[in-house]
Amino acid sequence: MAATTLLKFAWLEVTGLCNEFCDHCYADSSPKGTHGTMSVQDWVNVLDQLADMGTLDVQFIGGEPTLYPHLSELIKHAHGRALGIEVFSNMTHIREPLWDAFKRYGVKLATSYYSDNAQEHDQVTRLRGSHKNTRANVQKALELGIPLRGGVVAVREGQRVQEAAQDLTALGVGTVGGDRTRAFGRASEGAAPTIKDLCGHCAHEKCAIGPTGDVWPCVLGRFLTLGNVKGTSLAEIWGGQQMTDVTAEIEAVHGSGVEACTPPQFLPMCGPCGPCVPSVGHCDPREANSASGVATIGAPV
């Protein structure tokens, strides 16, 4: 079955390991996470397939992608296949070889930032010193001329989100977006994920591939598997029967004209929209008049 849309963008979740343990992590990543079962060659094959399919950009994510030992190698290969590259990192600990790879291969960076106050930021990440290290590496990236986007995620009442956004801007970060807690992973507090919690844009020109090779319609829709790249080519998965069935399920819930912003973690193929989080509550047009600062994607008001 032929795909009806071009696969323009892919999240590549190269590891489930993270040195932080944020309560709101949609991927449920932690220091106990692993790199999964995808070999380096498996990821190289994925990059080749994406390039052959005409994909424009990839974003390496985790967990914390800088903890994946072969990230430099994958960045080099992606660059060689003319893919645009972004790494979404908490930027707490970046080894010198990675800085060299970022500069050499034109990598863009993106990071989450929770407060201008170190104690509040570290309380969110559950990692002492994370604010100091992230802030210092944001400065280093800018000094090196590496493009960097920042995003402020509103996760708790009274959080200094406005001040956090202002701090990033003062450092010289040109694009500061925002997001709110999404009811997936640890943030769901044990509730089963549902299609209504998604924004509805899933699998539209984008997909996510996890550490075991599973292909998802987006990073939040990991409970909706489209296939697995270890046994099936990505071209077969994209537009295959499982994808057709999953997209039909999503459309049955959200309709064909989805209003909600796409989103999680400031998708690079979308421009900043406001930013919405420092003001919280306006990420979904249907919730523009809602006072709630924490909601699920596309949740009705």
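Student: Where is alanine 203 found?
Tutor: Alanine 203 is in the loop between strand 6 (175–180) and strand 7 (206–209). Keep in mind that this is a predicted model.

Student: What is phi of alanine 203 near?
Tutor: Its phi is near 65°, which is a positive value in a residue other than glycine.

Student: And does alanine 203 count as buried or exposed?
Tutor: Alanine 203 counts as buried, because its relative accessibility is 4% and the cut-off for buried is under 20%.

Student: Which loop holds aspartate 28, and what is its phi near?
Tutor: Aspartate 28 sits in the loop between strand 1 (9–13) and helix 1. Its phi is near 60°, again a positive value in a residue other than glycine. Aspartate 28 has a relative accessible area of 46%, so it is partly exposed.

Student: Let me zoom out. How many helices and strands does the chain have?
Tutor: There are eight helices and nine strands in the chain. Of the 301 residues, 53% are buried. Among contacts with a separation of 6 or more, 70% are between residues 24 or more positions apart.

Student: What about the largest nonpolar core: how many residues has it?
Tutor: It has 75 residues, and Leu12, Phe60, Phe102 and Leu109 are those with the most contacts inside it. Helix 1 (residues 40–52) gives the most to this core, contributing seven residues. Another core lies apart from it, with five residues, including Cys22, Tyr114, Val124 and Val155.

Student: Why would nonpolar side chains be buried together?
Tutor: I can only give you the general pattern: in soluble globular proteins, nonpolar side chains tend to be buried together.

Student: Back to Phe102. Which residues does phenylalanine 102 touch?
Tutor: Not counting residues up to four places away in sequence, phenylalanine 102 touches Ile75, Val87, Ile94, Val107, Leu109 and Ile146. Phe102 is also one of the buried residues of helix 3, together with Leu98, Trp99 and Ala101. Looking down the axis of helix 3, those buried residues fall within an arc of 160°, so they line one face of the helix.

Student: What do the buried residues of helix 3 pack against?
Tutor: They pack against helix 2, strand 3 (84–88), strand 4 (108–113) and helix 5. Just after helix 3 comes glycine 106, with a positive phi of about 65°.

Student: You mentioned helix 2. How do the axes of helix 2 and helix 3 cross?
Tutor: The axes of helix 2 (residues 71–80) and helix 3 (residues 96–104) cross at roughly 10° and come within 10 Å. The two helices are therefore roughly parallel to each other. Where they meet, Leu71, Ser72 and Ile75 are on the helix 2 side, and Pro97, Leu98, Ala101 and Phe102 are on the helix 3 side.

Student: And helix 4 with helix 5: roughly parallel or roughly perpendicular?
Tutor: Helix 4 and helix 5 are roughly perpendicular to each other. The axes of helix 4 (residues 118–125) and helix 5 (residues 130–143) cross at roughly 105° and come within 8 Å. In helix 4, Ala118, His121, Asp122 and Thr125 meet Ser130, His131 and Thr134 of helix 5.

Student: New topic! Which residues does a cis peptide bond join?
Tutor: A cis peptide bond joins glycine 62 and glycine 63, with omega about 25°. Glycine 63 is placed in the loop between strand 2 (57–61) and helix 2.

Student: Now helix 8. Which of its residues are buried?
Tutor: Met243, Val246, Ile250 and His254 are buried in helix 8. Seen down the axis of helix 8, its buried residues fall within an arc of 70°, so they line one face. Those buried residues pack against helix 7 (234–237).

Student: What should helix 8 span?
Tutor: At 1.5 Å a residue, the 14 residues of helix 8 (residues 241–254) should span 20 Å, and the end C-alpha atoms are 20 Å apart, which agrees. Glycine 255 follows helix 8, and its phi is positive, near 80°.

Student: Last one: which residues is phenylalanine 223 in contact with?
Tutor: Leaving aside neighbours within four places in sequence, phenylalanine 223 is in contact with Phe184, Pro193, Thr194, Ile195 and Leu198. Phenylalanine 223 and isoleucine 195 are 28 residues apart along the chain, and their C-alpha atoms are separated by 9.2 Å.

Notes:
Residues numbered from 1 in each chain as written. Heavy atoms only, no water. Helix = DSSP H or I, 4+ residues; strand = E, 2+ residues; numbered from the N terminus. Expected span 1.5 Å × (residues − 1). Buried < 20%, exposed > 50% of the residue type's maximum accessible area, 1.4 Å probe, protein only. Arc of directions from axis to C-beta. Contact = heavy atoms within 4.5 Å. Core = buried A, V, L, I, M, F, W, Y, C linked by side-chain atoms within 4.5 Å. Axes fitted to C-alpha atoms, helices over the stretch in contact; angles between N-to-C directions. Parallel < 35°, antiparallel > 145°, perpendicular 65-115°, else oblique.
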